[in-house]
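Thank you all for making time this morning.

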Amino acid sequence: MNTPRPVLVVDFGAQYAQLIARRVREARVYSEIVPHSMPVSEMLARDPAAIILSGGPASVYAPGAPQVDPKLFDSGVPVFGICYGFQAMARALGGTVAHTGGREYGGTTLRARSDATTLLRDLPTELSVWMSHGDCVTEAPAGFTVTAESPGAPVAAFEDLAGRRVGTQFHPEVGHTEHGQRMLERFLYDVAGIEPTWTPENIIEDQIAEIRSRVGDREVICGLSGGVDSAVAAALVHKAVGDQLTCVFVDHGLLRAGEAEQVEKDYVAATGIKLKVVDAADRFLGALAGVTDPEQKRKIIGREFIRVFEAAAREVAASGDVEFLVQGTLYPDVVESGGGTGTANIKSHHNVGGLPEDLKFSLVEPLRTLFKDEVRQLGLALGLPEAMVWRHPFPGPGLAIRIIGAVDRQRLDLLREADLIAREELTAAGLDRDVWQFPVVLLADVRSVGVQGDGRSYGHPVVLRPVSSSDAMTADWSRLPYDVIARISTRITNEVAEVNRVVLDVTSKPPGTIEWE
Ligand code: XMP
């Protein structure tokens, strides 16, 4: 299989396009996000299987509000307009959009017409749906049937099945809309006639073919971080070109308990990958000695990482014709850096763009069309260790930015012990997937009085920072059950020497950040 014809999700500027694109992928249909400024001719040049117009800014009448070029509708490509896209579609096709004052924000009740056919077929006639609109469509364009209404929207959904065009004022992509995913699937399968072939197996097969044709018989290098993205990217490349790939793992001594072993042993056992391990803990800790400023820590770690990786890459390169560097760039990075075919921003800590001229590589980025959840599915399908596939996001500078104060071996050991206890108890409670990330932070420069055994103690506090999030841009503190927090607290204060207090961070982001540094 080659990369299938995409469903294009036209981004009108709000947060919805990525979510829609993900939901389409969940329906096992390949999707891509394109900016609304892309000319219709360019969209059509991509041979889309369908086009979805996303939600966007408040009003189609606002000055400078993006419009839909009516030429889009002459192309015969199936179209689904959602929210703003629904209104823009109605307007472009000669319907009426009015400012009626009937605004709806949040949950509302949708009433489907009894003759509703495609999207709403066989669903309850009253559904709870999510809306966010000030204007509304008051008259559907000629040739369209109104299929639903809501208290604030006389035309809440319409369809023109002969023309393969449908639209909804509400957001089918959000979890608050009942049966929203089914509606999207009905558009994709029934209206647009697309087959659900975007499966992990097909993605893997597709990528292997692409990597093989690009790399040929040349050599490839990949830096592993212990995280899922680089692990999956490398595993894919290894499946494609075998021992032409050498992986480099720089152990900076700032990982959590068991993570270096996971890379060095479990991952290698699962994949058979050729791995060069550089134990650089002394070097990193030496460079970090006495440094307390978080940005300074990041800079030092970034600098040392480049140097160590560069030296390792030189050694690997000396043994052959190494032309390619694998990066675990994901689709959201590609979209956020302007999308399309350019090179994505490389996260600062993993930035190897600073390598010297004679070490310039071409990038191989086998995950650049994928969302994180798809990368995990691929990881499972490739047989990677579960602990690695489901690992929570972890910052490149590692535990160095979770020690408030200077970093040294003893403090790292303390934090590793406390962190391991928190992870063990979270896993034992079956809550790993309910939490986005669970930083444990050591306040190394703070001491408080306690009483432990018969004596007075003067130890450090540890902060628990479990958060819920979908993209780390915003986050809320996780409401973990008190008994889980209690077990973590009891174990940490009993088992970790020098820690006599455990506190819970109950700050959302914003105003807090996820990490303390
Ligand atoms: P904050 O603390 O800004 O973190 O809310 C947002 C996300 O980014 C991660 N993070 C980092 N990742 N290098 C990284 O690779 C860093 O320097 C860094 N700082 C924060 C953090 O864990 C969270 O997922």
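**The ligand and its surroundings**

A polar side-chain atom of Q437 lies 2.7 Å from an oxygen atom of the ligand, which I count as a polar contact, that is, a pair of N or O atoms within 3.5 Å. Before going further, please keep in mind that this is a predicted model, in which local features need pLDDT of at least 70 and side-chain atom pairs count only at pLDDT 80 or more, whereas totals for chains, interfaces and linings use all residues. Residues are numbered from 1 along each chain as its sequence is written, and side-chain values use heavy atoms, with hydrogens and water left out.

R298 also brings a polar side-chain atom to the ligand, 2.6 Å from an oxygen atom, while I514 uses its backbone, with an N or O atom lying 2.7 Å from a ligand oxygen. The protein covers 77% of the 490 Å² of accessible area that the ligand has on its own, with areas taken from the Shrake-Rupley method with a 1.4 Å probe.

Which residues are around the ligand? They are R298, P395, G396, P397, I401, Q437, A472, K509, T513, I514 and E515, where a residue is included if one of its heavy atoms lies within 4 Å of the ligand.

**The fold**

Strand β13, residues 245-251, pairs with strand β14, residues 274-279, in the parallel sense over 6 bridges, pairing being called when DSSP finds at least two bridges between two strands. Within this pair, V248 has K276 of β14 as its bridge partner.

**Points in the backbone**

Returning to K509, which is one of the residues around the ligand, its peptide bond to P510 is cis, with omega near -15 degrees. The bond joining P510 and P511 is also a cis peptide bond, with omega about 5 degrees, and P510 is found in the segment after β23, residues 499-504. Elsewhere, R28 is not a glycine and yet has a positive phi of about 65 degrees; R28 lies in the loop between α1, residues 16-26, and β2, residues 31-35. For context, most residues other than glycine have a negative phi, and most peptide bonds are trans.

Definitions and conventions
A polar contact is a pair of N or O atoms within 3.5 Å; within protein, one must be able to donate a hydrogen and the other to accept it, and residues adjacent in sequence count only if both atoms are side-chain atoms. Helices (H or I, at least four residues) and strands (E, at least two) are DSSP runs, numbered from the N terminus.
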